[in-house]
Amino acid sequence: MSIPFAVSERSTVGIEWELALVDVDSGDLRQVAQTILDAVAPDDGEHPHIRQELLLNTVEVVSGVRHTVKEAGADLDRAIEEIRTITDPLRVELMCAGTHPFGRWSHQKVTDKARYATLIDRTQWWGRQMLIYGVHVHVGIEDREKVLPISAAMLSYYGHLQALSASSPFWGGKDTGYASNRALMFQQLPTAGLPFHFQQWDQFEAYVDDMLTTGVIDHLDEIRWDLRPSTKFGTLEVRICDGIPSMSELLSISALTHCLVEHFSSELDAGRTLPDIPPWFAQENKWRSARYGMDAILILDEHAEEELVTTDLEKLLVRLEPVAERLGCSEELDGVRAIMKTGASYQRQRAIAEANDGELDAVVKSLVEEMRAGHPLLNVV
């Protein structure tokens, strides 16, 4: 089958940010997404920057197609301000992390939409478990022949992005021992997880044809890989990251993503070979970064060279400085160093829990405060 890839301006960027709705008093999740969506909906249909999600405790804010992550962030800020005009009177706060620290999946309601009902019907227990939140960054690619090589190259930095964004140490009120429990939960869904190791577009087309023929999927967007071509938008959609609690961290990690894609695109233009880590190393790096976060020792290349993630990040940031200057995100990219200095969200959450005798409502409160403040409020490194 032939799969067209939309025309997209090179290295434009868009961000999708899934937000939890929590009760001001209890910190537990509130099922008020439809109330919000109804209130903000324009007369002619769907709000351009506020969208529904699988569960009624969640809304998603999405940016427009922008040239810089700062511009995309401004879109998200405006959407959040609009949401707060509805949620503040309801005594509902906004919060983001890969998981809610003590929320119970069995208490959550699914959005009344056919595609969500189909997902739950097929996936059953695992589908109902998906009380998780993430961030998706779209980067425009002008030539579809570049998409899969760039996607494969991005796997060399999968662990870096996951470690920086890891924010789901707790599940159902318990510490899982993982920095990102969300990463390993989400891959339980059919067609989720790491992408297959395709380099040519016709390989992707053959895969999709097989999935449609055998009934594994009914629509292309049911391929839920951590990195996937978004044929509708003409982008590479990077879906690696846990939910990110604050705007400053969101823009920094999005800038790193933006710069990596543009860097690999430029390398292809120059005729240079992109990194291509073996799938078994990519899989191991996913597990290591999910388990150990910022303390993960990652496998860097096909020669099995290894490095502490923070050490390799420092080198990577230096290499990407000229790219960030071209993309207008030098300040945001430098913010990655701030995350390394203050600690990732999973580290901050554990520190808050420890300081409050394990009480996870204090963790929710801290996440709510970080969302309001727009930056981390605790230094744990």
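At what angle do the axes of helix 5 and helix 10 cross? I looked this up in what is a predicted model.

**Entry 1: helix 5 and helix 10**

I took helix 5 as residues 158-165 and helix 10 as residues 309-327. Their axes cross at roughly 110 degrees and come within 10 Å. Angles from 65 to 115 degrees count as roughly perpendicular, so I put the two helices down as roughly perpendicular to each other. I then listed the residues in the contact. Helix 5 contributes G159, H160, A163 and L164, and helix 10 contributes V309, D312 and L313. Sorted by class, I have 4 nonpolar, 2 polar and 1 charged residues in this contact.

**Entry 2: L320**

I stayed on helix 10, where L320 lies. Is L320 buried or exposed? Its relative accessibility is 1%, and the cut-off for buried is under 20%, so I noted L320 as buried. Setting aside neighbours within four places in sequence, I found L320 in contact with L256, C259, L260, H263 and L333.

**Entry 3: the nonpolar cores**

L256 came up again when I turned to the largest nonpolar core, which has 91 residues. Together with W17 and M154, L256 touches the most other members. Which helix gives the most to this core? I found that helix 8, residues 247-269, does, with 10 residues. I also noted a second, separate core of 28 residues, with A20, L29, I120 and F186 among them.

I followed up M154. Not counting residues up to four places away in sequence, M154 touches L161, L227, L236, V238, T257, L260, V261 and F264.

**Entry 4: K286**

Next I checked K286, in helix 9, residues 279-292. From L320, K286 is 34 residues away in sequence and 22 Å away in space, C-alpha to C-alpha. K286 has a relative accessible area of 3%; buried means under 20%, so this lysine is buried. What does the side chain of K286 meet in a polar contact? I found the side chain of Q187, at 2.9 Å. Beyond four places in sequence, K286 touches Y158, Q162, A183, Q187, G193, L194 and D226.

**Entry 5: D361**

Last, I looked up D361, which is in helix 13, residues 360-373. I noted D361 as partly exposed, because its relative accessibility is 43%. I also checked D361 against D28, which is 333 residues apart from it along the chain. The C-alpha atoms of D361 and D28 are separated by 8.3 Å.

Note on methods
Residues numbered from 1 in each chain as written. Predicted model: local features only at pLDDT ≥ 70, side-chain atom pairs only at ≥ 80, totals over all residues. Heavy atoms only, no water. Helix = DSSP H or I, 4+ residues; strand = E, 2+ residues; numbered from the N terminus. Buried < 20%, exposed > 50% of the residue type's maximum accessible area, 1.4 Å probe, protein only. Polar contact = N/O pair within 3.5 Å; in protein donor to acceptor, adjacent residues only side chain to side chain. Contact = heavy atoms within 4.5 Å. Core = buried A, V, L, I, M, F, W, Y, C linked by side-chain atoms within 4.5 Å. Axes fitted to C-alpha atoms, helices over the stretch in contact; angles between N-to-C directions. Parallel < 35°, antiparallel > 145°, perpendicular 65-115°, else oblique. Nonpolar A, V, L, I, M, F, W, Y, C, P; charged D, E, K, R; others polar.
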